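Student: I have a structure open on my screen, and I would like to learn how to read it. Could you walk me through some of its features?

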Amino acid sequence: MDTLSFNRRDFIKTTAAAATILPTFNILSQGSGILGPDDDQLNVGIIGYGAEGEILCNAAMKIPGIRFRAVCDILPLNAQKGRGQMRAMGHTDAKQYEDYREMLEKEDKNLDAVIVATPDWMHAEHANACMKAGKHVYCEKEMSNSLEKAKSMVLTQRETGKMLQIGHQRRSNPRYIHAFDEVIRKAKMLGRVTHAYAQWNRAVAPFLTLNPRAHLPADKLEAYGYENMEHLLNWRWFAKYGGGPMVDLGSHHIDLFFWVWDCVPISVTAIGGNDYYNREMNDNVMAQYEFKTKEGLINRAYYQVLTTTSNGGFYEKFMGENGSLTLAEITERGNTVERETREGVPAWDSFIKQGLVRALPKKPPAVDVSSKIVTDSRITPPPPGYPLPIELNKPAHMPHLENFFFAVRRNKPEALTCPADVAYESAVAVLAANVSVAKRETIYFKPEDFHV
Amino acid sequence: MKLKTLTMVVAATGLVITAGAQEKTQIKLVLPKPCFTGTPKDIKKHANFDPHPHDKERPAIEVPAGCDKLLSLNCKVTSSDPDPIIGDLSYITDGDKDHDAATYVELGPGVQWVQIDLGSEKEIHAACVWHYHGEGRVYRAVICQISSDPDFIDGVVTVFNNDFNNYAKFGVGKDKEYLESHFGRPFAVPAVKGRYVRFYSRGNTSNEMNHYTEIEVYGKGG
């Protein structure tokens, strides 16, 4: 089927069918970014066509009415790939650029919005230039590896009035929206959520390499600010260009702590180091955040990012007095709500009837019972996991892009699920963890630290 | 397409159908470096998914002695997409199986094929394909056919087919879908004679495109 000729009314039907939505909760009515039948074609460019840019473009090309007109990347191989994929998917008039300034100048009248998926240190320069040129911007997380640069993005957004969505894509994921808004906030299934834990563990991996036939010459690398190809390919591991795994991976999870409690932290204490690879940025970080709620309660969150073991992979846990929620962007790794089995916790039958969670699987997971284990009355049995009823049958980034394009088309900046000022808050907290590691001390926040 | 296809699906056990107590040898694959990068994708596995763990090498394929010669190195490659999105068709037989952004060829969406010309008719005993091992992904409708007709009209033998939905219109295949890895996907071929080896696919679980890093074809030397 021709992607571009896909009827928008069909799209709405398939979108509704794609997400398993129970009657009680209409995701479509939550303004989470579903396009309507009268939406016009939106002309889009993209700056940065590395792995993340490709993922975003591939997801965006599935959205009806989105037409890519330009791709820009300093690496010819990437720009060629972007142009070729656009052409193959029917975006035949997309042009290829090396310099974003040339792209903005030549495509000025052809672009409504730009996706920025470049290394973190260039986000502010690219996003600000696009907004000043009158384009709405979807920019990958983290906003920047510099708080000053992140601040400039918020200010430019305000000055230009253009929309700026930051790529914390879980904010638009219907599973996460359901879990946070319906399960935790409205139904209060978990009771008070006192703690949160998240981790992202990855196996040992060498630096990325690239066949020399695709290398940039030294003068080009220098012109674009990169010391060599190793720096360009592995920018996440160098302080000049990125913030290491804590910023690259942690930004997604720390953002969830802000979202679930709807407040900012008062401190972060982190330890970690460059203990394995002898690289510039920390290869392992463990951070503890203290959040103070609007009611004055203290909640705590723990985060771990390791790059020398994939043990446990990546997931998030939100732990309350009555139950805990385990989530992960990959459903198989986290999609359940566990009820505390202590006395006094209300039964969840009504929550099942309301469609907040599915009934317990008929055959609960086998419990390893050994005759050698002495029963200890202080140990409560493992809680059963009730599956969440929402499935996302589309690429993980697609709902967030849909949300952005919906807001642009309808001129509704208030519909954005992760506007610049919201993302700035978590950027403050994430970047501070690296500072805490370096100084080996607790960093205390003031409320005004999170405001621009 | 006029098709006289003799389907000889071989289970991926590494066993080769041979007669008598023939002396055997093993295909010795030279594996590329493992290179999984980025965030794993949420892959919905089809019921016809191969349970073989993707992080374990498959058992070596046994072939008759003298039939373990690499026949495909630097052989000419043609494709249904003569203008790849990136890369060059020559990468498929250049011996470089390592994954990076410049070592694979990317073909357009839909059912696409690549075809290796072995130069003359050969007796083929095994093949191995590396589509893209930069992340865990599953390629759809992976089919391998052998023929001495460059147009694959006559004398076509299908030696691997995991097209559970008959996307490529060659019939539903009985081989299983599998997760890409640096181990590639080796499979035995029951001494099929042919000059051309053609591989089909129809996109993958990450995007609609079709990729090849390397294909190796093994058989009788000389």
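Tutor: Gladly; we will go from the overall picture to single residues. Please keep in mind that this is a predicted model.

Student: How many helices and strands does chain A have?

Tutor: Chain A contains 14 helices and 15 strands. Of its 452 residues, 49% are buried. Looking at contacts in chain A with a separation of 6 or more, 74% are between residues 24 or more positions apart.

Student: Which domains is chain A assigned?

Tutor: The assignment gives domain 1 (8-172 + 395-418), domain 2 (174-181 + 322-366 + 374-391) and domain 3 (192-320 + 421-452) of chain A. From domain 1 of chain A to domain 3 of chain A, the C-alpha centres are 23 Å apart. Their contact uses 20 residues of domain 1 of chain A and 23 residues of domain 3 of chain A. On the domain 1 side, H5 and helix H6 (147-160) of chain A each supply at least two residues, and H6(A) has the largest share, five residues. By type, that side of domain 1 of chain A has 12 nonpolar, two polar and six charged residues.

Student: How do I read a strand, say E4 of chain A? Which way do its residues point?

Tutor: Follow the side chains along the strand and note the direction of each one. In E4(A) (residues 113-116), Ala113(A) and Ile115(A) point one way, Val114(A) and Val116(A) point the other way, and all are buried.

Student: Which strands are joined to E4(A) by bridges?

Tutor: Strand E1 (residues 42-47) of chain A is joined to E4(A) by four bridges, and the two run parallel. There, Ile46(A) has Ile115(A) as its bridge partner. Strand E5 (residues 136-139) of chain A is also joined to E4(A) by four bridges, again running parallel.

Student: What is the strand order in the nine-stranded open sheet of chain A?

Tutor: The order is E14-E13-E12-E11-E7-E10-E9-E8-E15 (chain A), and the pairing is mixed. At the edges are strand E14 (385-387) and strand E15 (443-444) of chain A, each of which pairs on one side only. For a pair inside that list, take strand E11 (residues 314-320) and strand E12 (residues 323-327) of chain A: four bridges join them, and they run antiparallel. Lys317(A) has Thr326(A) as its bridge partner in E12(A).

Student: Is H3(A) mostly covered or mostly exposed?

Tutor: H3(A) is mostly covered, with 10 of its 13 residues buried. Among them are Leu77(A), Asn78(A), Lys81(A), Arg83(A) and Met86(A). The buried residues pack against E1, helix H2 (51-60), strand E2 (66-72) and strand E3 (95-97) of chain A, together with strand E6 (105-107) of chain B. After H3(A) comes Gly90(A), with a positive phi near 100°.

Student: How many residues of chain A are in contact with chain B?

Tutor: 19 residues of chain A contact 15 residues of chain B. H2 and H3 of chain A each supply at least two residues of the chain A side, and H3(A) gives the most, with six residues. That side holds 10 nonpolar, seven polar and two charged residues.

Student: Which backbone angles deserve a second look?

Tutor: Most residues other than glycine have a negative phi, and most peptide bonds are trans. Here, a cis peptide bond joins Lys141(A) and Glu142(A), with omega about -20°. Glu142(A) sits in the loop between E5 and H6 of chain A. In chain B, Asn74(B) has a positive phi near 65°, and Ala141(B) has a positive phi of about 55°.

Student: Are Asn74(B) and Ala141(B) buried or exposed?

Tutor: Asn74(B) counts as exposed because it has 9 C-beta neighbours inside 10 Å. Ala141(B) counts as buried because it has 23 C-beta neighbours inside 10 Å. Ala141(B) lies in the loop between strand E7 (112-130) and strand E8 (143-147) of chain B.

Conventions
Residues numbered from 1 in each chain as written. Chains lettered and ligands numbered in written order. Predicted model: local features only at pLDDT ≥ 70, side-chain atom pairs only at ≥ 80, totals over all residues. Buried ≥ 20, exposed ≤ 12 C-beta atoms within 10 Å, placed from the backbone. Pairing = 2+ DSSP bridges. Contact = placed C-beta atoms within 7 Å. Domains from an automatic or database assignment. Nonpolar A, V, L, I, M, F, W, Y, C, P; charged D, E, K, R; others polar.
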